Amino acid sequence: MLKTLRLKPFDKRGFPFDLPVLQNFKEIEIDLPITIFIGDNGCGKSTILETLAYSIGLPTISSKSIETDGSLKAAKLLAPYFQLSWTNKTRQGLFFRAEDFTGFIRSVNELRSAFDKDMQDFEASLEGHSLERVRGMITGQKNALIEKYGSDLNAYSHGEGFLKIFESRFTQKGIYILDEPEASLSPLRQLSLILLIKEMVQQRGAQFILATHSPILMGIPNAKLLELRDGLITQTSFEETEHYRITKGFLENREQFLRFL
Ligand SMILES: Nc1ncnc2c1ncn2[C@@H]1O[C@H](COP(=O)(O)OP(=O)(O)OP(=O)(O)O)[C@@H](O)[C@H]1O
């Protein structure tokens, strides 16, 4: 389990080093199975999560190497200053960003189509024993793909596809870093995600680190809530978060609430 994140002193300028939150923090404890980063847009949650995922070397949903991901330039710059301490070091788990999802669905479906196209080509050029061997190989690979992700991820709605990915990739003890996993999940599906996370923690001993704007996900029992605000990272309680207070005020009396906007 990841226990602490320390930020070594740096004398660099420019993004990401100029982020206010990086000016002040020296060490944060990530000592519970579920840690949730919260805070307003632009406060630096994704930058911290991306740098953590990069430092650990976690797989992304596309299973491509995180080191060659061009969108993680800031994480590469910052990673040398991240010092992680562990009880049991691991590189197993997943780094999930909502924005990776669409590209991922496309690539899975392209791979499936490529298997079909290869099969047609081989059927036209081979025969007998050779054709049977190639057919067996391609069918095996295609079936493995279908078993893992379903017959066609495009056949699911966006939110259903999200949950399908979580179900198929939350499999082993490891560390799961999820950046805004609520992006297209209905409140009911967010509760399903909480259930999945709880099962993974209780049955597999997995660790989760999330960034979210969802008051539902923030309410996961026994999670450590770290709020980024005014350039500081401080531990907070569910009821103290701005997200909770605004949502509660709105739900309790939205007419009056909106009058003050
Ligand atoms: N490549 C970049 N160059 C300069 N500034 C950047 C770059 N990428 C992000 N930023 C800025 O860094 C700040 C932190 O961005 P980050 O994505 O970490 O915030 P966040 O807390 O995850 O926000 P959100 O909740 O909107 O996802 C933002 O103000 C953003 O505009």
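Student: Which residue is the bridge partner of leucine 5 in E4?
Tutor: Leucine 84 is the partner of leucine 5. This is a predicted model, where local features need pLDDT of at least 70, side-chain atom pairs count only at pLDDT 80 or more, and totals for chains, interfaces and linings use all residues. Residues are numbered from 1 along each chain as its sequence is written.

Student: What makes strand E1 and E4 a pair?
Tutor: Two strands pair if DSSP finds at least two bridges between them. Strand E1 (residues 2–7) and E4 have five bridges, in the antiparallel sense, so they pass the cut-off of at least two. By the way, strands are DSSP runs of E with at least two residues, helices are runs of H or I with at least four, and both are numbered from the N terminus. The protein comes to 10 helices and nine strands.

Student: Why do strands E2 and E4 count as edges?
Tutor: Look at the order: three strands make an open antiparallel sheet, E2-E1-E4. Strand E2 (27–29) and strand E4 (82–86) each have a single partner strand, so one side of each is left without a neighbour in the sheet. From one strand to the next, the twist averages 20°. Angles like this run from 0 to 180 degrees between N-to-C directions, with axes as lines fitted to C-alpha atoms, for helices over the stretch in contact.

Student: Which strands are at the edges of the six-strand sheet?
Tutor: That open sheet runs E5-E6-E7-E3-E8-E9, with mixed pairing. E5 and strand E9 (232–236) are the edge strands, and each pairs on one side only. Neighbouring strands here are turned by 15° against each other on average, direction ignored.

Student: How do you know that strand E5 is largely enclosed?
Tutor: Count the buried residues. A residue is buried if 20 or more other C-beta atoms (placed from the backbone) lie within 10 Å of its own, exposed if 12 or fewer, and partly exposed in between. In E5 (residues 93–97), five of the five residues are buried, so the rest of the structure largely encloses the strand. Both faces are covered, with Gly93, Phe95 and Arg97 on one side and Leu94 and Phe96 on the other. Across the whole protein, buried residues make up 29% of the 261 residues.

Student: Which residue stands opposite phenylalanine 96 in E6?
Tutor: Leucine 178 stands there. E5 and strand E6 (residues 175–179) run parallel and are joined by five bridges.

Student: What makes strand E3 largely enclosed?
Tutor: Six of the six residues of E3 (residues 34–39) are buried, so the rest of the structure largely encloses this strand. Ile34, Ile36 and Ile38 are buried on one side, and Thr35, Phe37 and Gly39 on the other.

Student: Which strands pair with E3?
Tutor: E3 pairs with strand E7 (residues 207–211) over four bridges, in the parallel sense, and isoleucine 36 stands opposite leucine 210. E3 also runs parallel to E8, with five bridges joining them. There, isoleucine 38 has glutamate 227 as its bridge partner.

Student: How many residues sit between E8 and E9 in their hairpin?
Tutor: Two, and aspartate 230 in the turn has a positive phi of about 50°.

Student: Why are H6 and H7 called roughly parallel?
Tutor: Helix H6 (residues 158–169) and helix H7 (residues 187–204) pack at an angle of about 5°, with their axes 11 Å apart. Angles under 35 degrees count as roughly parallel, over 145 as roughly antiparallel, 65 to 115 as roughly perpendicular and the rest as oblique. The conclusion is therefore that H6 and H7 are roughly parallel to each other.

Student: Which residues of H6 and H7 meet?
Tutor: On the H6 side they are Gly159, Leu163, Phe166 and Glu167, and on the H7 side Arg189, Ser192, Leu193 and Leu196. To be in contact, two residues need their C-beta atoms, placed from the backbone, within 7 Å.

Student: Which helix gives the most to the shell around the ligand?
Tutor: Helix H2 (residues 45–56) does, with three residues. Near means that a residue's C-beta atom, placed from the backbone, lies within 6 Å of the molecule or strand. The residues around the ligand include Phe15, Leu19, Lys45, Ser46 and Thr47.
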